[in-house]
Amino acid sequence: MPTLLFAASFILLFLTHSAICRSSIQEKPQRLRQTQRFSFPNQCNDRCGSVQIPFPFYLNTSCSSLSSAFHLSCLNSSSLYLRIGVERYRVLDFFSDGVLVDFPGTSSVCRQYNDLKGFGFDGNDYFAVSDDNVIGLYDCEDSSLCKTDCETNDLPGCDGKGGDSVACCYPLSDQTLWHLGDGFSVFAKFGCRGFSSWVVPRGTNTGKRGVKLEWAVPRNSSKEICANNADIVNSTAIEAGVRCVCQEGFVGDGFSDGVGCLKSCIKNGQEAYGEECNSRKHDHRKLVIVAGVLAPIFVVASLFALFCLLKRPMKSGTFHPDQAHYHSTISFRKACRTRLFSYQELEEATRGFEDGQKLVQGPNGTIHAGVLEDGSHIAVHKVQCENEGDLISVLFRSELVSSVLHQSLARLIGCCIDSGYTPMVVYEYPTNGTLEEHLLKTKGQKLGLDWYKRLCIAAESACVLAHLQYEISPPIIHGDIKSCYIFLDEEFSVKIAGFALLNYSNYHSNSHVHKSDVYDFGVVLLEIISGSKQLDTPTVALQKIRNGKLEEVVDPSLYYHEQPVFRREQIEIVADIATRCLLFGGEGKMGMIDVARELVHIIKESIDGNSKRGPAALEETFSNSSLLQMISMSPDSIYVP
């Protein structure tokens with residue numbers, strides 16, 4: 001009997017649902033097809049040939065826009081041009097935050113490189129050169145500006161085909177030599193004679209040739225420019241410039257004069273927007289009669305079926321395709337703008353997440369080492385979420401971290417969201433392991449880390465954490481810094497990973513998180529000194545340091561009593577820094593900027609026979625930075641006398 005009722009309930013459910021779906025589709029079939037192709041044009045639906053013009057750009061002068069600065073001209077229904085000052089730039093592509101333009105004066109002749117002064121525009125109140133551009137430089141006399149990070153990008157030639165590998169490339173996001181507001185002529189001081197430019201969309205390594213200009217409007221606009229369900233965000237490249245961005249669950253251009261923000265959803269297996277997401281009442285007489293007859297039977301059968309389902313045992317952690325499909329809605333795809341990995345890809349890369357691949361297991365999640373099909377080494381960070389809000393929080397913070405490019409950060413290359421409430425974040429993973437592994441020699445290392453390497457690792461780590469907290473807006477807090485999250489490359493340079501990804505929405509308003517990073521870093525410093533990772537290390541170590549027994553804390557492999565006097569003094573100073581982190585970090589009396597300042601000062605005054613200068617990562621962190629002034633040192637002062 002229960003089986004019959006169970007089957008009957010689902011048959012009735014199927015019949016009722018089918019009738020409703022058929023009625024809905026018959027009502028407005030054309031409107032649904034239109035929403036599926038929705039591409040958010042401007043209010044006048046301007047086109048140049050087959051190219052649809054997005055807001056705020058426009059062709060028709062009677063069309064409402066934010067400023068005449070966004071006016072375009074269409075030549076022969078095939079080519080779009082943007083005029084800035086006296087120069088015309090051919091438009092190649094549109095982005096939500098910018099526009100890709102060609103080099104001015106480009107003719108039919110294919111030129112691989114352009115004159116450094118050929119792109120004279122630096123910026124105005126509405127446009128500026130974006131730091132998303134990757135620059136290829138030609139015939140430079142000084143190669144010190146060339147960066148290896150961008151050499152793996154696929155940068156097509158001016159004819160659109162795969163060009164020769166770029167001999168020297170520089171991503172403008174590096175901002176150590178080029179800064180926002182600079183022109184391309186700044187590279188002339190390195191003896192470069194020409195350049196090319198590409199924009200490489202985030203999450204890919206394929207460039208689009210041209211110069212991306214970021215657009216924005218002045219913050220002091222006289223009217224409310226943002227629509228409902230939109231937030232104002234600051235421009236990256238334009239001083240005092242802003243744009244409107246739709247909130248989570250909404251899509252559109254975000255502006256009150258444009259499309260605004262439309263609710264997004266999945267309906268009948270298709271993406272839908274606006275009114276299509278709202279439930280509609282069906283007043284068909286036949287449907288009402290059928291529903292009235294079947295309702296009592298359906299209610300009884302459904303209750304019994306629900307009881308049976310609740311009684312049925314279910315394995316914990318079982319993966320359900322339906323659940324994965326639910327989480328792969330527009331909102332989640334929008335949140336993860338880096339590379340989207342499939343669960344199968346990461347499962348194969350980590351050998352089924354076997355224990356032998358496990359690097360970290362703790363409250364912040366589990367990290368497994370892996371190798372992708374292309375040979376890339378990765379670290380997969382699995383985070384257990386309890387609800388949809390947690391999932392969005394993880395993806396939001398992942399996107400925030402991935403937006404920062406820094407030599408001492410492990411690059412966040414993607415995520416996986418098709419494993420239910422266990423999203424996975426994928427970092428690059430250098431093959432030299434973690435700081436914890438080297439301190440504990442868990443991978444069979446014959447030689448431990450010498451003191452100078454430990455000091456440089458500590459300084460680099462503190463500097464990048466201070467950079468994230470004081471130089472990035474909004475500040476990025478690690479939230480769980482440990483030696484196991486400090487990856488090391490072959491040169492023992494730092495790559496920070498393992499950011500705490502849950503409950504990040506409270507971080508901006510809770511200064512205690514800044515303090516907890518300082519406290520946790522104090523524990524890391526003690527591990528660097530002691531080479532130990534016992535649970536009672538902070539308490540025991542502090543007591544011994546206070547009693548003047550530092551030698552009992554120091555890692556025996558450092559041979560404390562055999563070290564030169566200046567080295568023993570360095571160890572004592574770092575122990576003092578660690579002590580103050582533990583005692584005062586939780587009270588806000590000591591910040592990460594203070595820790596970084598003191599550690600860099602030790603390296604600055606260090607005299608080591610094997611090194612004439614400090615780590616390169618310190619130079620990247622502090623060169624041409626406001627953080628530099630806070631630490632009261634110049635780039636040259638990193639060199640050891």
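## Disulfides in overview

The predicted structure contains six disulfides. Three of them are described below, including the pair C44 and C63, the pair C48 and C74, and the pair C140 and C192.

## The link between C44 and C63

C44 is bonded to C63 through sulfur atoms that lie 2.3 Å apart. The S-S torsion of this pair is about 120°, so the disulfide is right-handed. C44 is located in the loop between helix 2 (29-36) and strand 1 (47-48), and C63 in the loop between strand 2 (51-52) and strand 3 (72-75); the pair therefore ties together parts that are 19 residues apart in sequence.

C44 has a relative accessibility of 33% and counts as partly exposed. C63 has a relative accessibility of 6% and counts as buried, because buried means under 20% relative accessible area.

## The link between C48 and C74

A disulfide also joins C48 to C74, with the sulfur atoms 2.0 Å apart. The angle about its S-S bond is 75°, and the link is right-handed. C48 belongs to strand 1 and C74 to strand 3, so the pair ties together parts that are 26 residues apart in sequence.

Where does the accessibility of C48 place this residue, buried or exposed? With a relative accessible area of 2%, C48 is buried.

## The link between C140 and C192

C140 and C192 form a disulfide with an S to S distance of 2.0 Å. The torsion about the S-S bond is about 110°, so this disulfide is right-handed. The pair links distant parts of the chain, 52 residues apart: C140 lies in the loop between strand 8 (133-138) and strand 9 (168-171), while C192 lies in the loop between strand 9 and strand 10 (194-199).

C140 counts as partly exposed, with 23% relative accessibility. C192, in contrast, counts as buried, with 6% relative accessibility.

## Further buried cysteines

C385 has a relative accessible area of 3% and is buried. C484 is likewise buried, with a relative accessible area of 5%.

## A negative surface patch

Which residues form the negative surface patch? The patch is made up of E347, E348, E373 and D374. One of these residues, E348, is part of helix 6, which spans residues 343-349.

The relative accessible area of E348 is 48%, and the residue is partly exposed.

## A pair distant in sequence

A458 is found in helix 9, which covers residues 451-470. At a relative accessibility of 3%, A458 counts as buried. A458 and V595 are separated by 137 residues in sequence, and their C-alpha atoms are 9.6 Å apart in space.

How values were computed: Residues are numbered from 1 along each chain as its sequence is written. This is a predicted model: local features need pLDDT of at least 70, side-chain atom pairs count only at pLDDT 80 or more; totals for chains, interfaces and linings use all residues. Side-chain values use heavy atoms; hydrogens and water are left out. Patches are made of residues with over 30% relative accessible area and no salt bridge: like charges are joined within 9 Å, nonpolar side chains (Val, Leu, Ile, Met, Phe, Trp, Tyr) within 5 Å. Accessible areas come from the Shrake-Rupley method with a 1.4 Å probe; for residues, only the protein chains shown count as cover. A salt bridge is a side-chain nitrogen of Lys or Arg within 4 Å of a carboxyl oxygen of Asp or Glu. Lys and Arg count as positive and Asp and Glu as negative; His and the chain ends are not counted. The place of a charge is taken as NZ of Lys, CZ of Arg, CG of Asp or CD of Glu. Helices (H or I, at least four residues) and strands (E, at least two) are DSSP runs, numbered from the N terminus. Buried means under 20% relative accessible area, exposed over 50%, partly exposed in between (1.4 Å probe, protein chains only). A disulfide is a pair of cysteine sulfur atoms within 2.5 Å.
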